[in-house]
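Let's take a look at this protein together. Have the sequence and the 3D view open as you read.

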Amino acid sequence: AAHSMEAALDFVGANESAYYCCLSPEGLKYYRQVNQVINGTGPKYEGSIPDFVKEHPQLEKQFQNEAKHCTSCGKNCATILPFCNGCNADLSNAPIQHGENA
C-alpha cells in the first residue's frame, strides 16, 4: 500500500487540492478547516519584503533564518542537524549563514 499524502487524502475523499477548496463529508471527520473571510481587502503592504525591511529596520532579524551551510554540497541545513540532509557530510564545523526567512 502506498504511504503518501495523496493516498492518505484519497482515503478520506480528498486530494492535494483539499487545502485550496474543501473536503468531502468523510474527510471533514479527519481534517479541520480554517474558515476564510473574503471581504475584498488587499494586502496591508504594497511593496516587496526587502522594501518593508528597509522601512522597518528594527524588524530585520525577524526576516532572517539561520542555517548550517554544507561545505561539501552547498546545501543550507537546519542548525540542529549533525549531518547534511543533502549529501550526509558532517556539519559539526559548518559555518552558520543567515538568509531570508520569508
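Confidence in this predicted model is lowest in helix α1 (residues 5-11), with a mean pLDDT of 55, and highest in β2, with 91. Here pLDDT is the predictor's confidence in each residue, from 0 to 100, while helices (H or I, at least four residues) and strands (E, at least two) are DSSP runs, numbered from the N terminus. Over the protein, the mean pLDDT is 77, and 65% of the residues reach 70 or more.

A quick note on the ground rules: residues are numbered from 1 along each chain as its sequence is written. Since this is a predicted model, local features need pLDDT of at least 70, side-chain atom pairs count only at pLDDT 80 or more, and totals for chains, interfaces and linings use all residues, with side-chain values using heavy atoms and leaving out hydrogens and water.

Now for the loop between β2 and β3, where you'll find Cys84 and also Asn88. Are they buried (under 20% relative accessible area) or exposed (over 50%), with partly exposed in between (1.4 Å probe, protein chains only)?

| Residue | Relative accessibility | Counts as |
|---|---|---|
| Cys84 | 3% | buried |
| Asn88 | 57% | exposed |
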